[in-house]
Amino acid sequence: MPDIFEDLRRVGVLKRGRLGGQPSDRALSQVPDPPVSRNQVGEWLRGKHFPRRLDALLAIVRRIRIEAKAAGVLADRFDDAVRETVADLLDDGRWRSTWEAEQRRRIKADREAVIRQQAQAALEQEEQQARRAALADRVRPIRTWPPRRLGVHPAIPGHHAGHGGARFLLPRYVPRPHDAELRTCVKAAVADAAPPLLVVVRGESCTGKTRSAFEALGAVPDDFHLLFPADADGLLAALAASALGPRTVLWLDEVQDYLTNPAGEDVAAALLRRLDTDGPLIVIATLWPDHHKTLTHKPDPDEDDPHRHARKLLAQAHFIDLPRTFANNIDAVRDAADHDRSLAAAMEAGGADLTQALAAGPDLVSHYESPTGLHGVYGRALMAVAMDAHRLGAAGTLPLAFLEAAAPGYLTDNERAEADTDWFTGALAYTRTLIKRTTRPMQDVPRASGMGAQPGVVRLADYLRQYGRRTRQVLCPPASFWNAAAEHLTMASDLNHLAGAARARHRYRHAASLYCAAADAGFPDALWGLAQMRERAGDREHAERLIHGAAHAGHAEALHRLAQMRENAGDREHAERLVHRAAHAGHAEALHRLAQMRENAGDREHAERLAHRAALSGEPNVLWALARMREEAGRREDAERLTYQAAQAGHDRALGNLAQMREWAGDQEDAERLYHAAADAGDASALRNLALRRETAGDREEAERLAHQAAHAGYIHTLGNLAQMRERAGDQEDAERLYHAAAHAGDADSVGWLAQMHETAGNREDAERLAHQAAHAGHPTALEVLAQMRETAGNREDAERLAHQAAHAGHPTALVALAQMRETAGNREDAELLYRAAAGAGYAGAWWNLVWMREEAGDQETIEHLCRALPHPIPDSVGALAEEWEEAGHPEAAERLCRTAADAGYRDALWGLAHIRKEPKDTYQRYGLEPDGTLAQPWPWPEPRAAAGVP
């Protein structure tokens, strides 16, 4: 039987050839009733598409037959290869039979395809069900999850609650402003068409994060399901089994435990992929601020980037920040406490620190700080070991053998001598004391599946973890801690983190030992840390062997370093292969640097090829960097071409940056053109620059139009910038109008500027109202500025009140600014009180103001006392301060300061010690310090088994 597609092609050839293109495709498209499109006719007559309508096909063939008859070609053979005539080709019966045959074939093929798809779907569903059935962590209906199982802290039982033993108490909930925001987010995310949502409830330990998240589940419909995986591996297994379907809540209490795990980057990448698919899906996570800082820190180009995917994941999140206290909701707490014994007891014990008191946080600290009984002091040592382990990077559970081996270094000689044979059993019992029938300092760890606790391991209570971070941050653990960690800890990532902490504190012998343990435990990246130490110590031969080992394991920075070595040796082909491996392993700067090398060597074609490869890998900034080099070299056409390519590859600011370079070079016309191109591409900062340029040129109407566009596109400060320009020009009315527009767009800084305008005009009540409005929106700077304005005006009481309010809103620098004004005015007593208040509010730099003030007064004893409370992070001024003390004749105090700074991880403290002790720096650089702060004697470098056999 003839092939319908071949016949269609022949008819097309006939029409275009012997019939001179007549009838036209447009004319043929009007023949059927209803008509078809001109494009369809063309596709049919080229044999590209099957005509779905037989009546339309027959009508078109008949019209062509009429044209062929008029041309006198019906009796002609179509071609020599086929003995058919044109009339045969255009026969109605032929087309009807070939169309019906093709239609039957298609129906059969479709049916078979459906059967195959159904079978494949059934097979996939069966496999998926099997994977889900094998999961250790199951998805369950949301209302079957009790608060305790989701990690909500039990509350203290309160007065007269009976003595029936420990039981889980959930006190009456007192909502705060953040609860309304969280509930609104959740409500929007459960709508049928809603995309997946990641919401992170962020706050310090025992501030009510988990309880707030649990209360928000009330806004989730009952038909949703919830998954709470026990660990990162369980979460990865659930994602691989597609267990997180629509209408699911993923509960990630203490999300840092999932993201800092060795599989943390895999978890983050998998969650990113799931968030890109169908909703509704809500991922609710809780997170401490310091863990958030760690996970979102972007390292320098020459540093490892261990949380690249986690940083991208958290960039997708909607954050809900919890205040530390209930100070702004204390009346509501008092009302609720009238009907709730736990709340009443917490109010009595903790005041505004309600959640901490409810979770017995202060009592945990008292149990640690003031040990009682025969074994209390030994229990305190175990808790101190656990605090140090967690603050220095151990995220996993802690083996009892590790605690026992590390504890002796935390005890005095007399305490060790007086210990009985059961000291560890008694100490462990002390750490497991039930505090206020609520929680224990050291807690058992449930099995990942099944019943009971994991044997031989414990975890430290969250509140004590955070307390340890705050109070022990400048203390370096004793040798027993580092030795016990290397011997008894088994989680490779924990060993690697502790190695980094020892290295930062210049305890190189222990760092090397821990790096080896981490590498041998299956963390080959640790070889890179050890390689850096060997290289810095001058042992390049061993360092290169370790770099090879780390590169062989896929460590991005090691691969990049080897690439540099190959490049320097002239082996460009090998260098490029290594750079590509480094880029694939996550080293964002590898292709960038190689492209720069090629560009500097004049190999522009190769440089562009590398830049495009980087852009395909998600790094369009390499194209922009190359464009900038071409611009600086005067190759403007090339620069602009590469800039457009960078913008197309996803560099949001490439065109705007080039415009800025042209503007700085004085080429205003080109700058304006590029700013407009950047704005058209969605760069809100370009809109801002255009608005300010129009304002400077006197085109106020256009400036405002562009500023509103920029604000709408997310650059909310543009209207405020415009308002500032109007205010400086003396146009107060227009300035206020624009400040209001900026505030409406969400720019809290503009609310602060409005507050200052009202203060200057003498409208103090309005000024304070606006400043508090800005603070509530997360910008308490306005309160600080008002405080300074009141201080300058001589209203000291108001100034201090406003500064304290700013500190309470999370801006303790307001107290420091006020203290500096008092100090300048000669009121040192008031200044010291304010500095201390700022330090108490969490601003470490206030200690340094105190130190400088005391140092100027020659109060050496107080200086040394302040140094014992050295804050973290250590500011760069510590070196200058130690040098001044030494020159002033106080070398012992200077050395003590440097040693304290070294214990806290200040990188340059070692060189300060070498300078003060008049000893060679390379000695310190090679061997570092002992845990007691003395210069380490030469020690043999350990060799990791993981590097054995590496050439």
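Guide: Here is a quick chat about the fold and its aromatic side chains.

Guide: Keep in mind that this is a predicted model, where local features need pLDDT of at least 70, side-chain atom pairs count only at pLDDT 80 or more, and totals for chains, interfaces and linings use all residues. Residues are numbered from 1 along each chain as its sequence is written, and side-chain values use heavy atoms, with hydrogens and water left out.

Visitor: Fine. How many helices and strands does the chain have?

Guide: There are 51 helices and nine strands, taken as DSSP runs (helices H or I, at least four residues; strands E, at least two) numbered from the N terminus.

Visitor: And how much of the chain is buried?

Guide: Of its 951 residues, 50% count as buried, meaning under 20% relative accessible area with a 1.4 Å probe, protein chains only (exposed is over 50%, partly exposed in between).

Visitor: On to rings. How many aromatic pairs are there?

Guide: The count is nine, with ring centres of Phe, Tyr or Trp (its six-membered ring) within 6.5 Å; planes under 30 degrees apart are stacked, over 60 edge-to-face, the rest tilted. One of them is Tyr368 with Tyr467, edge-to-face at 6.3 Å centre to centre and 75 degrees between the planes.

Visitor: Where do those two tyrosines sit?

Guide: Tyr368 is in helix H17 and Tyr467 in helix H22, 99 residues apart. Tyr368 is buried at 7% relative accessible area, and Tyr467 is buried at 11%.

Visitor: Which residues form a cluster?

Guide: Phe5, Phe50 and Trp99 form one aromatic cluster.
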